[in-house]
Amino acid sequence: ALRTGAQTLHAVYEPAIRIGHGFDIHRLAPKDVAGQGCVIGGVTIPDFDLGTEAHSDGDVLYHSVTDAILGALTLPDIGQFFPDTDPRWKGCDSEVFLDEAWKKMDERGYKLSNLDVTLILQQPRVSPIKDKMKDNLVRVLKTTDSQVNIKARTHEKVDSIGEGRALSCHAVLIMEKK
């Protein structure tokens, strides 16, 4: 709302482009402690002994992109839409969250212009599944592979990420009016 004197205007300003940033981090633990495996970008990591400690499936890539979309639209974050206190989201496939964010973007008249993702993790190695992760993002976000980029880097053995006890992701995107 915009205040001018005693009057408040409630118009929604919809610029031609919007920029969003999302971040997520989750602890890794033995699967019996985590209660699940490790999912990144909608791909269950094969031959990996650790799982993601999270209320949902703990997909850091999908969570960070979801928050980037919500942030660009100036909406509340993923935790407010899908609280970890709600049993409906226990073990939930994070594609549900990403799809809901996409719907909100679409309803507001926007489409993805480009998405740049940086996974920060010491383990697991994701180079063998990067194409699958990208294909999943392209499918869920109804875009083309030329508009999605996924990078991965280690944390140089520094802190919980570098010690392989956690993994994280940053996502930056631009959306444009349709």
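These questions and answers walk through a predicted model, from its sheet to its rings and one arginine.

Student: How many bridges join strand β7 to strand β9?

Tutor: Strand β7 covers residues 110-121, and strand β9 covers residues 166-177. The two run antiparallel. The number of bridges joining them is 11.

Student: Which residue in β9 is the bridge partner of Leu 112?

Tutor: Look along β9, residues 166-177. There the bridge partner of Leu 112 is Met 175.

Student: Is Arg 139 buried, partly exposed or exposed?

Tutor: Arg 139 lies in helix α5 (residues 130-140). Its relative accessible area is 45%. Buried needs under 20% and exposed needs over 50%. The value falls between those cut-offs, so Arg 139 is partly exposed.

Student: Which residues is Arg 139 in contact with, leaving aside its neighbours within four places in sequence?

Tutor: Arg 18 is 121 residues from Arg 139 along the chain, and their C-alpha atoms are separated by 21 Å. Contact means heavy atoms within 4.5 Å. With neighbours within four places set aside, the contacts of Arg 139 are Tyr 62 and Glu 95.

Student: Which residues do ring pairs link into a cluster?

Tutor: The count of aromatic pairs comes to four. Phe 82 and Trp 89 are edge-to-face, 4.9 Å centre to centre with 85° between the planes. Trp 89 and Phe 97 are also edge-to-face, at 5.8 Å and 75°. The linked residues are Phe 81, Phe 82, Trp 89 and Phe 97.

Student: Are Trp 89 and Phe 97 buried or exposed?

Tutor: Take the pair Phe 82 and Trp 89: both are buried. For Trp 89 and Phe 97, the answer is buried.

Student: How far is Lys 177 from the ring centre of Tyr 110?

Tutor: Lys 142 lies over the face of Trp 102, at 4.2 Å from the ring centre. Lys 177 lies over the face of Tyr 110. Its distance from that ring centre is 4.7 Å.

Definitions and conventions
Residues numbered from 1 in each chain as written. Predicted model: local features only at pLDDT ≥ 70, side-chain atom pairs only at ≥ 80, totals over all residues. Heavy atoms only, no water. Helix = DSSP H or I, 4+ residues; strand = E, 2+ residues; numbered from the N terminus. Buried < 20%, exposed > 50% of the residue type's maximum accessible area, 1.4 Å probe, protein only. Pairing = 2+ DSSP bridges. Phe/Tyr/Trp six-rings, centres within 6.5 Å; stacked < 30°, edge-to-face > 60°. Lys NZ or Arg CZ within 6 Å of the ring centre and 35° of its normal.
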